[in-house]
Amino acid sequence: MAANEITADTQVARIFEWRRGFNTIYLMHLGVQLGLFKALAESPGAEPAQLAQKLGLQPVYVDRWCMTAYGMELLDAEGAGYKLAPFFDVILAAPTHPRYLGGYVQLGAEFAGPDFMHCLEAFKTGKFVPFQGRGDAFNLAIASSTWGLQVITAKKILPGLAGLNERLAQGGAILEVGCGTGNLLVQIAKSFPSARVVGIDIDAQSIATARKRIADANLGDRVEARHGTLADLPAGSFDAAVMVEVLHEIGQEIRPAVVKDTARAIKSGGWMVIVDETYPSNHDEARKPEFKFPLHTGFEELLWGNVIPTREEQESLFRNAGLTAGIDRSLIGEGFTVLATQKP
Ligand SMILES: C[S@@+](CC[C@H](N)C(=O)[O-])C[C@H]1O[C@@H](n2cnc3c(N)ncnc32)[C@H](O)[C@@H]1O
């Protein structure tokens, strides 16, 4: 049999592998929520009975969890106990590390699972359940799953833009559209200690959480979270505007207007930065590794009413908003696109 030959057996094996992947999402979710990964990060070599006692769990459940996690290579053996396999200490047990994926796992287990069940009806009715109004637990799971992107945006992407540091050091201002629960507002304020930072979002509950986060960080004198739309923002008042995982969330019918209003709020020479996903434009792209994540987000967020823009759609949105200079385009992580352009 040739190495890549497709047979009924190889196709069956793929289904069983995906089915194990489905279970592994829940295995990881349980490990995060019950504190098993954290306990193993703190005490490598712990035995299931010790973990069970420490966390107040049933030994027989923990024993089966450990053995399965070992089989899936999330854990390695150490003596009679277990330890985390390489790198999972940060990926699954360190919520403030940029590589942490516990929130993304949670989003799959707690929200994507039920959403897919609602799709049985939605495919027939066309109804959707938008992002807004889903509540705090959902908003915080989103914020946790985008945490790494926020850190990279505040610490690498924005500080790397020509002239922005200087503008912000002289008391400039930065706008975040779709700021959600405000993690990035605080991160930006820390990266640019003289800048004024304004976030805006149409989800009232996210803004309430963002305001609390800003107050807790003692940044109320120069960081603000506003509930509402961009129409009220004065033209040419920001040195940069940024959106992280927001463009594809904006309804297609209002997307051109939102991008235009955002561009209007930027000063001439200021930056527009969009960190989002790019949907494959054709079949060829749909099987390329860099499009796997956006392809699946597009499927997972069907029920939210989200439509991920293709490269052509992104470029047309920029042009129509008067952002006609060249667009720097780069790929980060598992399939996120960074778009940056300077307003003429
Ligand atoms: C996936 S969340 C990302 C939130 C945050 N940027 C983060 O990375 O955690 C998308 C956010 O965009 C907001 N949003 C959607 N349409 C918007 C609009 N027209 N104006 C402002 N915010 C909007 C949603 O309410 C939501 O908070």
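The entries below cover the ligand site, some helices, the strand pairings and a few single residues.

**Entry 1: the model**

I noted at the outset that this is a predicted model.

**Entry 2: the ligand**

I began with the ligand shell. Which residues are the closest to the ligand? I counted 18 residues around the ligand, and the closest are Gln-132, Thr-146, Gly-178, Asp-201 and Val-244.

Gly-178 brings a backbone N or O atom to 2.8 Å from a nitrogen atom of the ligand. Val-244 also uses a backbone N or O atom, which lies 3.0 Å from a nitrogen atom of the ligand. Asp-201 uses its side chain: one of its N or O atoms is 2.6 Å from an oxygen atom of the ligand.

How much of the ligand does the protein bury? Taken alone, the ligand exposes 590 Å², and the protein buries 95% of that. I also sorted the shell by class and got 8 nonpolar, 5 polar and 5 charged residues.

**Entry 3: Glu-245**

I moved on to Glu-245. This residue lies in the loop between strand S6 (238–244) and helix H12 (255–265). Its phi is positive, about 55°, although Glu-245 is not a glycine. Is Glu-245 buried or exposed? Glu-245 counts as buried because its relative accessibility is 14%, and the cut-off for buried is under 20%.

I looked up helix H7, residues 136–145. Its buried residues are Phe-138, Asn-139, Ala-141, Ile-142 and Ala-143. Which helices do they pack against? I found helix H6 (102–125), helix H8 (147–157), helix H10 (183–191) and H11.

From there I went to Thr-209, which sits in helix H11, residues 204–216. Thr-209 has a relative accessible area of 17%, so I list it as buried. Leaving out residues up to four places away in sequence, Thr-209 touches Asp-136, Leu-140 and Thr-181.

**Entry 4: Asp-115**

Asp-115 lies in helix H6. I list this residue as buried because its relative accessible area is 7%. What does its side chain meet? A polar contact of 2.9 Å joins the side chains of Asp-115 and Trp-304. Not counting residues up to four places away in sequence, Asp-115 touches Arg-134, Leu-303 and Trp-304.

I turned to the strands. Strand S1 (residues 75–78) and strand S2 (residues 81–84) run antiparallel and are joined by 4 bridges. I checked two positions. Ala-77 stands opposite Tyr-82 in S2. Glu-78 stands opposite Gly-81 in S2. The hairpin has 2 residues between its strands, and Gly-79 takes a positive phi near 60°.

I followed the chain on to Phe-87, in the loop between S2 and helix H5 (88–93). Phe-87 has a positive phi of about 75° and is not a glycine. Is Phe-87 buried or exposed? Phe-87 is exposed, because its relative accessible area is 63% and the cut-off for exposed is over 50%.

Strand S9 covers residues 336–342. How many of its 7 residues are buried? I found 6 of them buried, so S9 is mostly covered.

Two strands pair with S9 in my notes. Strand S7 (residues 266–276) runs antiparallel to S9, with 6 bridges. I looked up Trp-271, and its bridge partner in S9 is Gln-342. Strand S8 (residues 328–332) also runs antiparallel to S9, with 5 bridges. Here Leu-331 stands opposite Thr-337 in S9.

S8 and S9 form a hairpin with 3 residues between them. Gly-333 is in the turn and has a positive phi of about 60°.

**Entry 5: Thr-310**

My last stop was Thr-310, in the loop between helix H14 (292–300) and helix H15 (311–320). With a relative accessible area of 12%, Thr-310 is therefore buried. What does Thr-310 contact? Leaving aside neighbours within four places in sequence, I found Thr-278, Tyr-279, Pro-280 and Ser-281. I also checked Glu-277. Thr-310 and Glu-277 are 33 residues apart in sequence, and their C-alpha atoms are 8.4 Å apart in space.

Definitions and conventions: Residues numbered from 1 in each chain as written. Predicted model: local features only at pLDDT ≥ 70, side-chain atom pairs only at ≥ 80, totals over all residues. Heavy atoms only, no water. Buried < 20%, exposed > 50% of the residue type's maximum accessible area, 1.4 Å probe, protein only. Contact = heavy atoms within 4.5 Å. Pairing = 2+ DSSP bridges. Near = heavy atom within 4 Å. Polar contact = N/O pair within 3.5 Å; in protein donor to acceptor, adjacent residues only side chain to side chain. Areas by Shrake-Rupley, 256 points an atom, 1.4 Å probe, with all protein chains shown as cover. Nonpolar A, V, L, I, M, F, W, Y, C, P; charged D, E, K, R; others polar.
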